[in-house]
Amino acid sequence: MSRNTKINLLLLLVVAALAVLPLALGLGDHKEEPFTGADAEAETAITEIEPDYKPWFSPLYEPPSGEIESALFALQAALGAGVLAYYFGLHRGRRQGEQRALERVGDTGGAAGDTAGESTAERA
């Protein structure tokens, strides 16, 4: 097994543990909504500190339910992952194309210093 495969498996295990352990250990059981987002937690903390606080602005769009809000968040995450995957795939494809082009030039004897007509592969 290559080093990269081991690192990828380790990272996958860490991510799985971060997702499963809070549920398995019952973290957040003492709360009414145990796994709310940071925005809700911040709003609760602000209203406890300053009950008369008025927000500076209101959201442009408020989804009618939590399920729709979750779906929109998942869509946003999927689009972001798609953009990242496209970028990394494009970068890797370009790099592989450059390597193949360099290999073709080396195989055809186009390397500098080939005066007797032999290619770099034949000299090695």
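**Surface patches and an aromatic pair in a helical chain**

A nonpolar patch on the surface is formed by Leu60, Tyr61, Ile68, Leu72, Leu75 and Leu79, with about 680 Å² of accessible area together. Patches consist of residues with over 30% relative accessible area and no salt bridge; nonpolar side chains (Val, Leu, Ile, Met, Phe, Trp, Tyr) are joined within 5 Å, like charges within 9 Å. A salt bridge is a side-chain nitrogen of Lys or Arg within 4 Å of a carboxyl oxygen of Asp or Glu. Accessible areas come from the Shrake-Rupley method with a 1.4 Å probe, and for residues only the protein chains shown count as cover.

The model is predicted: local features need pLDDT of at least 70, side-chain atom pairs count only at pLDDT 80 or more, and totals for chains, interfaces and linings use all residues. Residues are numbered from 1 along each chain as its sequence is written, and side-chain values use heavy atoms, with hydrogens and water left out.

The chain has 4 helices and 0 strands. Its elements run α-α-α-α from the N terminus on. Helices (H or I, at least four residues) and strands (E, at least two) are DSSP runs, numbered from the N terminus. Buried residues make up 4% of the 124 residues. Buried means under 20% relative accessible area, exposed over 50%, and partly exposed in between (1.4 Å probe, protein chains only). The accessible surface of the chain comes to about 11,400 Å². Carbon and sulfur atoms account for 62% of this surface.

Leucine 75, one of the nonpolar patch residues, lies in helix α3 (residues 66-107). Leucine 75 is partly exposed, because its relative accessibility is 48%.

A patch of negative charge also lies on the surface, where Asp39, Glu43, Glu62 and Glu69 gather. Asp and Glu count as negative, Lys and Arg as positive; His and the chain ends are not counted. The place of a charge is taken as CG of Asp, CD of Glu, NZ of Lys or CZ of Arg. Aspartate 39 belongs to helix α2 (residues 38-49). Its relative accessible area is 68%, so aspartate 39 is exposed.

The structure holds 1 aromatic pair. The ring centres of tyrosine 87 and phenylalanine 88 are 5.4 Å apart and the planes stand at 65°, so the pair is edge-to-face. Rings of Phe, Tyr and Trp (its six-membered ring) pair if their centres lie within 6.5 Å; planes under 30 degrees apart count as stacked, over 60 as edge-to-face and the rest as tilted. Tyrosine 87 is partly exposed at 48%, whereas phenylalanine 88 is exposed at 52%.
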